[in-house]
Amino acid sequence: MAKKRPQTKAKRPQTTGGARTAGADGDVPVVGAREPCPCGSGRRYKACHGRAASHAATELVHRPFEGLPSECDWVALRELVPAATVELPLKDGLPEGVPAVTLATVLPMAWPALRRDDGSVLLGLQNDTSSGDISRDLADTLQRALEAKPGTPVQGRRAPADSPRLQDLLDPEGAFEPEVHSGFEFWVPDPENATPDVTASLERANSAAIPTVKLQGVDAAYWCETPEKNHLRWVMPHAEELLLDALARLHAAGRSSLGEGTRLVGSFRAHGLTVPVWDLPSGVTAEDVEKPAAEFAERLAAALATDAPLTADERRARGGLTNRQVTLS
């Protein structure tokens, strides 16, 4: 139902210039794990103040995009959508010399970020990150991209444990309006002058991209086309247990489909949210499911408002949906 990205284990904190971790005696510099702790305790760093730094670096944030406008679309662009861009408004406005900041699902050669020749910034979303907090790692990459020399990519790293997150840098009132593309031509504003590596990367990415369309009538629902059948994958903000109950009520009542030949086949978890998935006949387009999806949203709202205990049939339906659930992150 969705491609699972390999998980990257967080590494032990490394020595970084200026990085600090709070301790009882004030700020303690980050050093090698086996070196004596700078606080003077006589113990190795990993057994002293390094414990807190290591925990901060590896602790998994289950909902890294919580609090951002359109959290569900952030999850969709991270896990479901091959090619899309979004203009990102910064809380303090754009720095001088930076005409735009754009979030992109993927960048050439899987760069974490790119400062273009004109000073604009592209921030890649679908990259493995070094810590358990995607939001903090992306914010660190963004800050370094804003200061990078125009025309250069920005490499990833583990963000300092006390560094800002995206929620600290982006305008909380700003719009988040993804533009889904059929390919990755947005990588190269001037294709004739693209390097051979970028051109080859573009060709590979375009050949692997699954046609995807964002529905307009409901939030964070994405139609995609595959050789065997089409699908609708819909990122929903509701609490998982309540959502599964509501889906089970509709499924047991025969009201969970999106029209003839369609079928709710299960769901997966991604970054703390639940993503129901429907199989669609290959001839069903994104436009075809706009109205059925809007009607389903109304049925779902009514089911979510119901607090009666599940019936035996609804419990069986819920068990079937739960058994087919996959966790991506």
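## Aromatic pairs and nonpolar cores

Phe 65, Trp 74 and Phe 176 form one aromatic cluster. The model is predicted, so local features need pLDDT of at least 70 and side-chain atom pairs count only at pLDDT 80 or more, while totals for chains, interfaces and linings use all residues. Residues are numbered from 1 along each chain as its sequence is written, and side-chain values use heavy atoms, with hydrogens and water left out.

**Aromatic pairs**

Rings of Phe, Tyr and Trp (for Trp, its six-membered ring) are taken as a pair if their centres lie within 6.5 Å; planes under 30 degrees apart count as stacked, over 60 as edge-to-face and the rest as tilted. Seven aromatic pairs are found in a search of the whole structure. Two of them are set out below.

| Pair | Centre to centre | Angle between planes | Class |
|---|---|---|---|
| Phe 65 and Trp 74 | 5.4 Å | 20 degrees | stacked |
| Trp 234 and Trp 278 | 5.9 Å | 45 degrees | tilted |

Trp 234 belongs to strand β11 (residues 230-234) and Trp 278 to strand β13, so their pairing ties together parts that are 44 residues apart in sequence. Helices (H or I, at least four residues) and strands (E, at least two) are DSSP runs, numbered from the N terminus.

Burial is defined by relative accessible area: under 20% is buried, over 50% exposed, and in between partly exposed (1.4 Å probe, protein chains only). Phe 65 counts as buried because its relative accessibility is 0%, and Trp 74 is likewise buried at 0%. Trp 234 and Trp 278 are both buried.

**Nonpolar cores**

A nonpolar core is a set of buried Ala, Val, Leu, Ile, Met, Phe, Trp, Tyr and Cys residues joined through side-chain atoms within 4.5 Å. The largest such core has 41 residues, of which Trp 74, Leu 77, Leu 103, Leu 142 and Val 235 touch the most other members. Elements that each supply at least two residues of this core include α2 (71-79), β4 (101-104), α3 (134-147) and β13 (273-280). Helix α3 gives the most, with six residues.

Leaving aside residues up to four places away in sequence, Leu 103 has contacts (heavy atoms within 4.5 Å) with Trp 74, Leu 77, Ala 84, Thr 85, Val 86, Leu 88, Leu 123, Leu 125 and Phe 176. A second, separate core comprises 23 residues, among them Leu 247, Leu 258, Leu 280 and Val 289.

**An exposed helical residue**

Glu 203 is placed in helix α5 (residues 196-208) and counts as exposed, at 53% relative accessibility. Its C-alpha atom is separated by 8.7 Å from that of Phe 184, 19 residues apart along the chain.
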